[in-house]
Amino acid sequence: MIDLNKNEIWFATGSQHLYGPETLAQVAEHSAEIAQYYDGNKIIPVRVIFKPVVKTAGEISILCKEANNTDACVGLILWMHTFSPAKMWIAGLQALQKPFLHLHTQYNRDIPWNAIDMDFMNLNQSAHGGREFGFLASRMRLNRKVIVGHWKNESVLQKVGNWCRVACAVADSKDMKVARFGDNMRQVAVTEGNKVSAQLKFGYEVNGYGVGDLVKYIDGVSDAQINTLIQEYEDSYTMAAKIKSDGSMRNSLRDAAKIELGMRAFLEEGGYTAFTDTFEDLHGMKQLPGIATQRLMASGYGFGGEGDWKTAALVRTMKVMGAGLEGGNSFMEDYTYHFDPENTTVLGSHMLEICPSIAKGNVSCEIHPLGIGGKEDPVRLVFNASAGKALNASVVDMGNRFRMLVNKVEALEIENDMPNLPVARVLWDAKPDLQTAAAAWIYGGGAHHTCYSQNISAESLEDFAEIMDIEFLLIDEKTDLYRFKQELRWNDATYGIKGI
Ligand code: MN
């Protein structure tokens, strides 16, 4: 469902006429070589398009306006191979509406000690050419990414690749439609927010639907479609006895498959890539969507429980960023603590809706009662998540701004069976430690709903927040609560008034 390779990043190089045609031809040759190398490299998941070297304010303006008007272009990599007097960039950068990365690199990795002369120096002067450009971007208060190092260096490639993923997610967000089935869970605060502000900042639109609108699609599903999908379930998961072909609750599995097909049809027809539902509004549905939501997430849809549209959009955004990478991204909730001082951990889960993209090993398809919602027993996928480095991210509406919080965690192997807890679950150790992490998260107003990621770095989320121009707070190994609280106060000052 998510194809990053349809997106283009334009590789443009700044210079000036001062150097003469011979040098400029060499600049163009080097730029084309780098663009081609990036285009062909698997770490960079988009097409990288070489653009002719820009030497005047007029050429720069044309480039930036062309980028704005090209849907496939999700961002630009700008490189100053030589010196490019930066006043030439003012009009272009004022017009530019796409994110840009300032690649502070040099064609040659090494100084050719024996051969170096002034011609070499004049050709390879990004060390100061990049600073001239950097001054102007800072003078204009432009949010952008700066990556320093030789263009073939592994860590530079990785950073460029990650930034391209972020640029894809930004473009996807601007095009995103979030469908809400029902409103949010009554009286919950954090799932509220200003949808007009969200559309202004993130670009996505959030539209509400009565559950009856969805039920129409569910009722329109044919028996043949249900049979095909159930076959897919049987091929993919270990089926619980009750829902096997001769099981006592086989009909509930058919109902669950019908819900999945109806939801998928509704979302596809409306062009929605994220959705919410709520157990408080399921009129006309036999069960809360469990397996349906889990499998929709696995195919790339964003989801937020209890009407949480901000988290639904964030899950979609992170799925775009992580497309094609090992590991997954899922809707998540900090559920229960293990306060053993030797081993303090958090059990993350939800009533049902955890994405199997984060699963380790066997996934089983089961049916069990659900204490709330007042509907029939829902079918769900049950599994443990993989161990390893991960993070939780949350976006909240602070009244006068959106704030993104990220907490790095280390997921652990789950050694206990928990036979009476038939839901998907993750166990993690929060960084720097739970006492600090949870206190910082709570001071920062982070939501109880998050997107849990196994394959996106905190740096990528910071890049996303910068491009969207929202606040970003990181809780990681280095977090100190005293400094963190200061950061909150400083940020309140940065963003003007305290939101009410
Ligand atoms: Mn919840």
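The structure discussed here is a predicted model.

User: Are helix α6 and helix α14 parallel or oblique to each other?

Analyst: Helix α6 (residues 154-174) and helix α14 (residues 458-468) have axes that come within 9 Å and cross at roughly 45 degrees. Angles under 35 degrees count as roughly parallel, and 65 to 115 as roughly perpendicular. The crossing of α6 past α14 is right-handed. The relation of α6 to α14 is therefore oblique.

User: How many nonpolar, polar and charged residues does the contact of α6 with α14 have?

Analyst: On the α6 side, the contact includes Trp-163, Val-166 and Lys-159. On the α14 side, Glu-459, Asp-463 and Phe-464 are among the residues that take part. By class, the contact has seven nonpolar, three polar and four charged residues.

User: Is Asp-463 buried or exposed?

Analyst: Asp-463 is located in helix α14. Leaving aside residues up to four places away in sequence, Asp-463 touches Lys-145, Trp-163 and Val-166. Buried means under 20% relative accessible area. With a relative accessible area of 9%, Asp-463 is buried.

User: What is the C-alpha to C-alpha distance between Glu-459 and Lys-159?

Analyst: Glu-459 lies in helix α14 and counts as partly exposed, at 30% relative accessibility. Not counting residues up to four places away in sequence, Glu-459 touches Lys-145 and Lys-159. Although Glu-459 and Lys-159 are 300 residues apart in sequence, their C-alpha to C-alpha distance in space is 9.2 Å.

User: What is the orientation of helix α9 relative to helix α10?

Analyst: Two packed helices are described by the angle between their axes and the distance between the axes. For helix α9 (residues 223-236) and helix α10 (residues 250-270), the axes are 9 Å apart and the angle is about 105 degrees. That angle makes the orientation of α9 relative to α10 roughly perpendicular.

User: How many charged residues are in the contact of α9 with α10?

Analyst: Among the contact residues are Asp-223 and Glu-234 of α9, together with Arg-250, Arg-254, Lys-258 and Glu-260 of α10. The contact also has eight nonpolar and two polar residues. The number of charged residues is six.

User: How many of the eight residues of helix α11 are buried?

Analyst: The buried residues of α11 are Ile-291, Ala-292, Thr-293, Gln-294, Arg-295, Leu-296 and Met-297. Just after α11, Gly-300 has a positive phi of about 115 degrees. Helix α11 (residues 291-298) is largely enclosed by the rest of the structure, because its buried residues number seven.

User: What is the separation of the C-alpha atoms of Ala-127 and Met-80?

Analyst: Ala-127 is found in helix α5 (residues 126-139). A relative accessible area of 43% makes Ala-127 partly exposed. Along the chain, Ala-127 and Met-80 are 47 residues apart, and their C-alpha atoms are separated by 8.9 Å.

Definitions and conventions: Residues are numbered from 1 along each chain as its sequence is written. This is a predicted model: local features need pLDDT of at least 70, side-chain atom pairs count only at pLDDT 80 or more; totals for chains, interfaces and linings use all residues. Side-chain values use heavy atoms; hydrogens and water are left out. Axes are lines fitted to C-alpha atoms, for helices over the stretch in contact, and angles run from 0 to 180 degrees between N-to-C directions. Helices (H or I, at least four residues) and strands (E, at least two) are DSSP runs, numbered from the N terminus. Angles under 35 degrees count as roughly parallel, over 145 as roughly antiparallel, 65 to 115 as roughly perpendicular and the rest as oblique. A crossing is left-handed if the near helix is turned anticlockwise from the far one by less than a right angle, and right-handed if clockwise. Contact means heavy atoms within 4.5 Å. Ala, Val, Leu, Ile, Met, Phe, Trp, Tyr, Cys and Pro count as nonpolar, Asp, Glu, Lys and Arg as charged, and the others, Gly among them, as polar. Buried means under 20% relative accessible area, exposed over 50%, partly exposed in between (1.4 Å probe, protein chains only).
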